2 protein chains.
Amino acid sequence: MRFALAQLNPTVGDIGGNVAKILAAIDRARAEGARVVVFPELAITGYPPKDLLLKPSFIDDNLAALEEVAKKTVGIAAIVGYADRNSGPVGRPLHNAVAVCEGGRVASRHFKTLLPTYDVFDESRYFEPGPIELRNQIVVIDGVKVGISICEDLWNDERFISRRLYHQNPIADLGAAGAQVLVNCSASPFVLDKHDFRLKLFGGQAARFNVPIVYANQVGGNDELVFDGCSVAFDARGNVIAQAKGFGEDLVCVDVQLPGERDEETSKARDEETKRRGDEDVQTTSSLVSPVSPSLIPIGLDSLYHALLLGLSDYVNKCGFKSVVLGLSGGIDSALVGTLAAHALGPDRVVGVAMPSRFSSDHSVNDARDLAKNLGIEFHVVPIKDVHDQYESLLLPFWGDRGRDVTEENLQARIRGAILMAFSNKYNHLLLTTGNKSEVAVGYCTLYGDMCGGLAVISDVPKTMVWDLSRWINAKFEREVIPVSSIEKVPSAELRPNQTDQDSLPPYDVLDGIIERYVEDEEGYEQIVAAGFDAATVARVIKLIDRSEYKRRQAAPGLKVTSRAFGFGRRMPIAQNYRSWE
Amino acid sequence: MRFALAQLNPTVGDIGGNVAKILAAIDRARAEGARVVVFPELAITGYPPKDLLLKPSFIDDNLAALEEVAKKTVGIAAIVGYADRNSGPVGRPLHNAVAVCEGGRVASRHFKTLLPTYDVFDESRYFEPGPIELRNQIVVIDGVKVGISICEDLWNDERFISRRLYHQNPIADLGAAGAQVLVNCSASPFVLDKHDFRLKLFGGQAARFNVPIVYANQVGGNDELVFDGCSVAFDARGNVIAQAKGFGEDLVCVDVQLPGERDEETSKARDEETKRRGDEDVQTTSSLVSPVSPSLIPIGLDSLYHALLLGLSDYVNKCGFKSVVLGLSGGIDSALVGTLAAHALGPDRVVGVAMPSRFSSDHSVNDARDLAKNLGIEFHVVPIKDVHDQYESLLLPFWGDRGRDVTEENLQARIRGAILMAFSNKYNHLLLTTGNKSEVAVGYCTLYGDMCGGLAVISDVPKTMVWDLSRWINAKFEREVIPVSSIEKVPSAELRPNQTDQDSLPPYDVLDGIIERYVEDEEGYEQIVAAGFDAATVARVIKLIDRSEYKRRQAAPGLKVTSRAFGFGRRMPIAQNYRSWE
């Protein structure tokens with residue numbers, strides 16, 4: 001049975017635009033000879049729609065759109081994610097649903113059973129779980145029992161996770177109910193190294209229940225989340241038989257051999273399938289013909305690079321901006337963000353502004369200028385000394401006998417923020433903010449200063465990874481894209497004479513180690529100290545992280561690339577007094 | 001049976017401090033002759049602990065604290081909220097729990113069955129629901145069957161809510177299982193007019209199941225949420241028999257007559273109970289002795305005033321600030337916030353700063369000065385013209401042939417923000433931001449400008465209610481606290497000559513009507529138009545609300561007082577394209 005994996009990049013809430021993509025993919029899949037085309041979870045609304053789901057008119061519009069899609073399913077079955085109403089009198093008002101559409105109508109409706117409600121996921125806020133009677137999740141197409149599951153339904157496998165959060169295992173139930181092939185409609189966001197885990201988990205599920213799996217994932221950036229795509233199909237032994245690319249839209253067809261089906265039956269159709277179409281977005285793969293190309297799936301720093309490009313460009317484009325502006329300090333963080341912006345959007349859509357103060361070294365402006373030259377972006381120098389002097393003489397009378405302190409340092413950062421926002425307002429550029437995860441963690445940043453901006457591109461990238469990625473970019477492009485002096489200089493905020501980051505912070509490899517344990521792994525003070533970190537340093541870093549929550553609450557959304565990013569997936573109180581290190 | 005309602009104000013995460021409050025209340029309740037003292041939900045951790053719950057060390061510390069509390073329960077039973085581990089191998093790792101502690105040990109543990117996961121509540125993120133076997137939720141004290149429930153468990157009554165979200169009704173089950181009295185440990189935040197609803201709902205449940213209810217609620221501000229207290233007890237006919245005060249800590253004792261018990265039995269104890277203790281925080285009420293004083297519970301604007309005072313003072317104090325600063329424009333919003341701050345903290349902890357620009361009327365500074373004088377707060381005038389000129393001459397060369405626009409308006413607001421943050425940094429004042437809900441809704445505010453601040457005091461108060469509350473304050477104090485000219489002037493941001501809010505916005509009564517329908521009631525475009533609002537105005541306002549999401553994402557936490565505030569309880573995507581009005 002030939003399936004098409006329709007890996008689309010929807011815009012949240014853009015029901016009309018998403019339907020247009022779905023209809024185009026249906027036509028293409030039909031032309032490719034697919035019997036069934038599988039779309040991502042909530043393909044009609046885009047994922048995650050968040051509280052748009054609370055608007056009855058939004059649900060109505062999405063239901064009308066599903067009917068519109070169903071009308072076009074002639075000669076092909078389409079499995080499409082949408083939000084349905086819970087028709088029962090009790091329970092949350094919606095279901096996270098997929099419809100099997102065929103013959104110009106909605107043939108059946110299926111509901112997600114396992115609702116992720118952790119990290120960035122809030123599904124129990126909106127949805128009632130699907131029926132306990134999992135038989136309802138099986139649909140028969142051409143006499144083949146197709147088991148329908150949605151994203152998390154496929155993840156509850158005690159062999160791969162530390163704790164089963166759910167009492168049901170829909171995949172086991174579908175297997176027991178005789179499903180001959182499993183379809184999974186997903187919206188599974190990127191996290192470093194997560195795709196490797198998916199392959200193991202899904203392949204393991206396929207082999208365990210001796211059933212092929214067809215997994216269609218969303219691709220594209222939606223606010224903090226980057227969906228990497230990488231849709232994939234497995235045979236009943238758990239081998240990958242088709243794979244869509246990472247970080248771009250794709251439509252991949254695959255002939256799935258059903259358990260019990262003899263190899264010859266499938267191989268008959270082999271010849272007509274070997275032709276790979278010229279259209280670069282379309283790829284036809286057969287389980288028996290084309291080997292899966294691993295080069296489609298970036299890994300390691302390569303995947304990080306592509307995730308950040310996609311998250312950045314989709315945020316800018318989906319918000320309707322033509323261009324971006326950012327401050328270039330000559331340091332590594334802004335150099336990396338500038339590079340990512342130029343690569344994601346093209347250099348003609350990026351403006352860099354250097355804003356030297358009385359404490360900036362000449363080297364800083366030169367490094368910023370070199371970067372702008374390397375990237376081919378517009379570049380301006382706006383010295384802030386005069387405005388800074390004017391502020392200081394204005395405010396001095398109010399300071400009594402209080403000397404210089406962090407006030408004056410922050411003021412410089414805030415002047416820069418105001419200048420960048422003026423560029424943003426005057427030219428309708430989106431301002432990118434350039435803080436990394438290490439700074440954001442410990443609050444080594446100025447609220448309303450360098451934290452100004454609409455998108456925090458690398459706020460989930462620790463400083464040590466900023467260096468690694470910068471070196472990787474220079475190696476990939478085989479030239480000095482990011483000035484080596486930006487990479488190699490001692491990090492400094494340059495807000496007072498001879499300042500370096502390490503005046504205030506432990507070395508970054510130590511800091512990043514503690515942050516990873518405390519933020520990503522939820523380790524406590526004692527555990528981190530037991531792992532070999534200096535106790536006083538651990539206490540200091542934890543305290544800084546906890547006390548900086550008020551800054552992060554007002555931070556721009558940042559692209560999530562680790563297992564736990566600051567922002568929507570980490571919900572901490574501000575006025576709290578837990579002191580684990582005392 | 002004599003119950004004590006221990007209405008405490010915990011600080012989230014401050015386990016040591018919360019335990020100290022619990023132990024003091026146990027001693028006091030014992031001295032009052034209470035047989036059982038009831039504490040709020042999650043009293044040991046404070047509510048809501050949010051992602052602190054994900055830290056295993058935090059759970060350990062809270063469990064150790066429970067043991068410490070239990071040791072002190074000699075001669076009294078204490079029903080105490082805490083977070084327990086789910087001992088089962090499957091399911092979310094925690095329970096929202098209360099322990100019945102008696103005889104120096106934890107006698108039994110009970111788990112919340114209904115887990116609110118909507119608006120500001122995220123309980124399914126952390127907790128596994130309690131057992132289906134509700135008999136486990138009954139504990140026998142002195143031969144009396146006491147049914148234990150936690151907050152939401154008491155709310156699933158189809159007679160009072162539009163849709164039952166949950167399939168269980170723990171109260172019906174406890175009633176059927178023979179509970180003779182129901183205890184409810186709560187952390188139920190303030191919303192305007194909500195307490196009236198609680199009284200109806202709880203009284204209705206008591207009467208329906210013919211069982212007295214003892215309800216202990218948390219009090220105090222924790223970030224966005226203000227808990228109003230108003231703990232209350234009902235007899236088996238649903239009559240209020242005791243009531244703790246609103247917006248302050250309290251300990252109220254009440255003799256609850258059990259169904260079947262003769263009136264005389266209870267009345268025997270009457271005489272010793274009539275004495276009301278001198279300590280103003282302690283009040284002993286008997287169902288048969290003291291009538292309930294409705295004056296303890298503020299209603300309407302009175303309750304709004306007290307909620308804002310409590311939310312403001314707790315945020316400032318729990319964050320460890322000694323003082324606050326705010327900009328005083330001469331307008332009504334900053335006048336109201338300045339007044340609330342002076343009333344909440346005392347005038348010696350409040351600093352007002354007027355920052356006139358070239359567009360400010362003399363009247364504005366005078367009104368600000370009058371207010372400061374009325375309140376008795378420190379007051380400064382910092383004119384921004386010179387800094388503004390300096391910025392403009394610095395930036396002009398970069399603007400090419402582009403004329404003046406919103407850039408220059410925003411710059412003024414950002415200069416003011418930077419000045420206020422300089423005061424905040426130099427003196428360690430918390431900066432209060434003064435925007436109202438109407439402005440925040442439509443984005444009539446400047447990010448990193450007037451939106452600067454650690455707490456948005458009135459960001460959930462619509463402009464029309466700002467006027468009402470200001471007039472109410474002047475009436476309450478029988479003098480012009482807030483200058484009448486601030487109340488009566490035509491609203492203006494004063495960012496360009498002769499500007500008024502109504503140049504950009506519909507009249508505030510219309511605007512607030514649309515906002516309430518769209519934000520609080522989730523009505524769509526068509527519904528709002530059908531209610532009689534002008535279609536073009538509705539489309540314009542909805543568009544402004546949707547497009548301002550990026551500003552609100554970076555807004556300070558704001559005190560929630562309506563059924564739907566912006567912030568944690570309203571989670572909207574930014575890069576979205578739902579256009580319901582097209």
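**Strands, bridges and the interface**

A: Let's start in the sheet: Thr433(B) stands opposite Ala456(B) in β20(B). This is a predicted model, where local features need pLDDT of at least 70 and side-chain atom pairs count only at pLDDT 80 or more, while totals for chains, interfaces and linings use all residues. Residues are numbered from 1 along each chain as its sequence is written, chains are lettered from A and ligands numbered from 1 in the order in which they are written, and side-chain values use heavy atoms, with hydrogens and water left out.

Q: How many bridges join β19 of chain B to β20(B)?

A: Two, and the strands run parallel; β19 covers residues 429–433. Strands here are DSSP runs of E with at least two residues, helices are runs of H or I with at least four, and both are numbered from the N terminus. Two strands pair if DSSP finds at least two bridges between them.

Q: What's the strand order in the open sheet of chain B?

A: β18-β17-β16-β19-β20, five strands with parallel pairing. β18 (378–381) and β20 (455–456) of chain B are at the edges with a single partner strand each, so one side of each has no neighbour in the sheet.

Q: Switching to salt bridges: how many over all chains?

A: The search of the whole structure finds 80. That counts a side-chain nitrogen of Lys or Arg within 4 Å of a carboxyl oxygen of Asp or Glu.

Q: What does Lys50(A) pair with?

A: Glu224(A), at 3.9 Å from N to O. The two sit 174 residues apart in chain A, with Lys50(A) in the loop between β2 (36–38) and α2 (56–71) and Glu224(A) in the loop between β10 (219–222) and β11 (225–228).

Q: Is Lys50(A) buried or exposed?

A: Lys50(A) counts as buried because its relative accessibility is 8%. Glu224(A) is buried too, at 9%. The cut-offs are under 20% relative accessible area for buried, over 50% for exposed and partly exposed in between, with a 1.4 Å probe and protein chains only.

Q: And which residue does Asp235(B) bridge to?

A: Arg237(B), with the closest N and O atoms 3.3 Å apart. Asp235(B) is buried at 11%, whereas Arg237(B) is exposed at 63%.

Q: OK, the interface. How many residues of each chain are in contact?

A: 98 of chain A and 99 of chain B, with contact meaning heavy atoms within 4.5 Å. About 8600 Å² is buried between the chains, and carbon and sulfur atoms give 56% of that. Buried area here is the accessible area (1.4 Å probe) that two parts lose on being put together, summed over both.

Q: How many salt bridges are there between chain A and chain B?

A: There are 12. Arg553(B) also forms a salt bridge with Glu224(A), at 2.7 Å between the closest N and O atoms.

Q: Which helix gives the most to the chain A side?

A: α11(A), with 14 residues on the side that touches chain B.

Q: Last one: what does the side chain of Thr117(B) reach at 3.2 Å?

A: The backbone oxygen of Leu115(B). Thr117(B) lies in the loop between β5 (105–111) and β6 (138–141) of chain B, and is buried at 2% relative accessible area. Among the residues Thr117(B) touches are Arg92(A), Ser124(A) and Arg125(A).

Methods
Polar contact = N/O pair within 3.5 Å; in protein donor to acceptor, adjacent residues only side chain to side chain. Lists of a residue's contacts leave out its neighbours within four places in sequence.
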